[in-house]
Amino acid sequence: MPATQASATVPKLEPLTANWQQKVAAFNGTDTLTEICYPSSISELQSAITNAAQTKTPVMATGNGTKLDWGGLPENPRQLICTQNLDRLIEHARNDLTVTAEAGLKLGDLQAQLVEAGQFLPLNPSYAQKATLGGVVATADTGSWRHRYGGVRDLLLGIEFVRADGELAKAGGRVVKNVAGYDLMKLHTGAYGTLGVIATLTFRTYPLPEASETLVITGEIEFLMTLLKTLRNSSLTPTVVDFLSASALKRCELGKSSAGILIRFQTIPESIVQQRKQLAIWSKELSLTLSTLEPEQAQQFWLNYSVCTREDSNILLKVGVLPSTIATVLTTWQTLTDNHGWSLFHGGSGIGYLGINTSQARSHWLLEMREQCKQECGYLTPLRAPIPWKQQANDVDLLPTAKSAQLIKQQFDPDNLFSPGRM
């Protein structure tokens with residue numbers, strides 16, 4: 001339901017700094033985007049959007065700009081609305097395991113505050129220390145904890161966002177069991193800011209686990225897929241199960257092999273011991289090699305674990321396939337790129353990423369991999385890629401949901417004010 005707009009001054013528009021110009025240049029083929037404003041309150045955010053609507057000025061919302069070049073090609077936006085100053089922790093209901101914060105709060109800062117209360121938010125997206133909560137939700141960038149805790153939308157309980165008319169709308173609430181109103185949280189998750197600008201968010205949190213252990217299992221792809229199927233059908237409870245190609249293993253400094261599975265257990269020590277023993281038995285039966293990261297090594301590893309953020313991966317593609325077809329897509333990508341490309345898949349969902357350096361890539365690979373994913377009942381979309389690649393992706397076979405998405409966009413943003421073209 002909409003909330004009344006508070007009167008506030010319109011935040012001052014400023015020229016883009018060199019840092020922002022560099023980020024904008026990564027996705028914008030024109031020079032229309034030249035200004036930025038920094039609202040310091042939700043009422044100022046409303047005023048900025050109201051002013052943009054009145055002057056019919058297309059805008060893009062951003063936090064720290066870590067994923068500003070993700071998604072489709074924006075169509076001539078004129079202004080950036082930066083939420084960096086909307087970074088307040090509004091409420092942490094420790095006993096209810098919920099937290100409410102403004103969209104510009106960095107995930108890393110929130111996690112530091114939650115740790116003091118013995119809790120955490122199970123999201124480990126790209127640029128986890130710098131990414132803002134609003135940006136994580138807008139891009140639906142969950143990370144490897146998806147295996148145990150679900151995606152961003154599964155953790156999101158409530159949202160406030162500013163509509164195209166400057167009004168503040170609310171959905172959900174600040175409790176875990178909430179069925180009031182439309183599920184707008186899911187609608188805004190992964191919408192890339194095309195339906196409104198997120199102002200505040202409420203998440204469910206979890207108690208910090210008592211112990212943690214990280215395992216790496218390497219070997220032939222065929223036997224790793226057998227292990228993955230066995231693991232998915234078992235009663236074991238890992239929090240992370242990632243399937244990595246040979247080049248991804250190398251990038252993460254996890255050894256050399258045809259492929260590997262990265263597994264993390266986070267529970268009581270006794271349970272970890274038993275689950276490790278079971279994995280060791282299965283690995284031995286399949287002639288796979290199991291190794292355990294030392295505690296200090298594992299702690300440092302998880303702080304830096306993100307193959308998606310390396311600067312030498314100028315092209316980053318997101319895929320979603322059936323978990324049983326991971327090996328097929330992985331092998332196709334390796335063959336196509338002559339083993340220069342890397343791939344990572346979340347073993348429980350089949351969602352994954354393909355990456356390669358622009359200098360080693362060929363533009364026709366995009367269509368070939370998209371066709372491969374379609375054959376496996378999946379999808380492929382470019383997140384970070386050269387402008388010609390994204391133009392190519394927009395020109396061919398739109399997803400079956402594209403028409404529905406366009407109708408929703410028309411309802412929420414009839415004047416195409418927010419991030420036009422980015423979906």
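In the lining of the second largest pocket, 22 residues are nonpolar, 14 polar and eight charged. (Nonpolar means Ala, Val, Leu, Ile, Met, Phe, Trp, Tyr, Cys and Pro; charged means Asp, Glu, Lys and Arg; the others, Gly among them, are polar.) This is a predicted model, in which local features need pLDDT of at least 70, side-chain atom pairs count only at pLDDT 80 or more, and totals for chains, interfaces and linings use all residues. Residues are numbered from 1 along each chain as its sequence is written, and side-chain values use heavy atoms, with hydrogens and water left out.

**Stop 1: the pocket**

Select Gln299, Phe301, Trp302, Leu303 and Asn304. Of the 44 residues that line the second largest pocket, these lie nearest its centre. (On a 1 Å grid over the protein atoms alone, a pocket is an open set of points with protein on both sides within 12 Å along at least five of seven lines; a cavity is a set where a 1.4 Å probe fits but cannot get out; lining residues have an atom within 4 Å of a point.) Two or more lining residues come from each of helix H3 (107–116), strand E13 (211–219), strand E15 (259–267) and helix H11 (295–304). (Helices, H or I with at least four residues, and strands, E with at least two, are DSSP runs numbered from the N terminus.) H11 has the largest share, nine residues. The pocket holds about 1400 Å³ of space. (A volume is the space filled by probe spheres set on the grid points, which are joined across faces, edges and corners.)

**Stop 2: the largest cavity**

Next, select Ala61, Thr62, Gly63, Gly134 and Gly135. They lie nearest the centre of the largest cavity, which 23 residues line. Strand E4 (59–62), helix H4 (133–139) and strand E11 (197–204) each give two or more residues to this lining. H4 gives the most, five. By class, the lining has nine nonpolar, 12 polar and two charged residues. About 300 Å³ of space lies inside this cavity. The count of cavities of 30 Å³ or more is three.

**Stop 3: H8 on H12**

Show helix H8 (residues 221–232) and helix H12 (residues 326–336). Their axes come within 10 Å and cross at roughly 150 degrees. (Axes are lines fitted to C-alpha atoms, for helices over the stretch in contact; angles run from 0 to 180 degrees between N-to-C directions.) That makes H8 roughly antiparallel to H12, a label for angles over 145 degrees. The crossing of H8 and H12 is right-handed. (Right-handed means that the near helix is turned clockwise from the far one by less than a right angle.) Ile221, Met225 and Leu228 in H8 meet Ile326, Ala327, Leu330 and Thr331 in H12. (Contact means heavy atoms within 4.5 Å.) Six of these contact residues are nonpolar, one is polar and none is charged.

**Stop 4: H8 on H10**

H8 and H10 pack at about 145 degrees, with axes 10 Å apart. H8 passes H10 in a right-handed crossing. From H8, pick Leu227, Thr230 and Leu231; from H10, Leu279, Trp282 and Ser283. This contact has four nonpolar, two polar and no charged residues.

**Stop 5: H12 on H13**

The angle is about 160 degrees, and the axes are 10 Å apart. H12 and H13 are therefore roughly antiparallel to each other. Their crossing is right-handed. Select Thr328, Val329, Thr332, Trp333 and Leu336 in H12, which contact Trp365, Glu368, Met369, Gln372 and Cys373 in H13. The contact of H12 with H13 has six nonpolar, three polar and one charged residues.

Key: Parallel < 35°, antiparallel > 145°, perpendicular 65-115°, else oblique.
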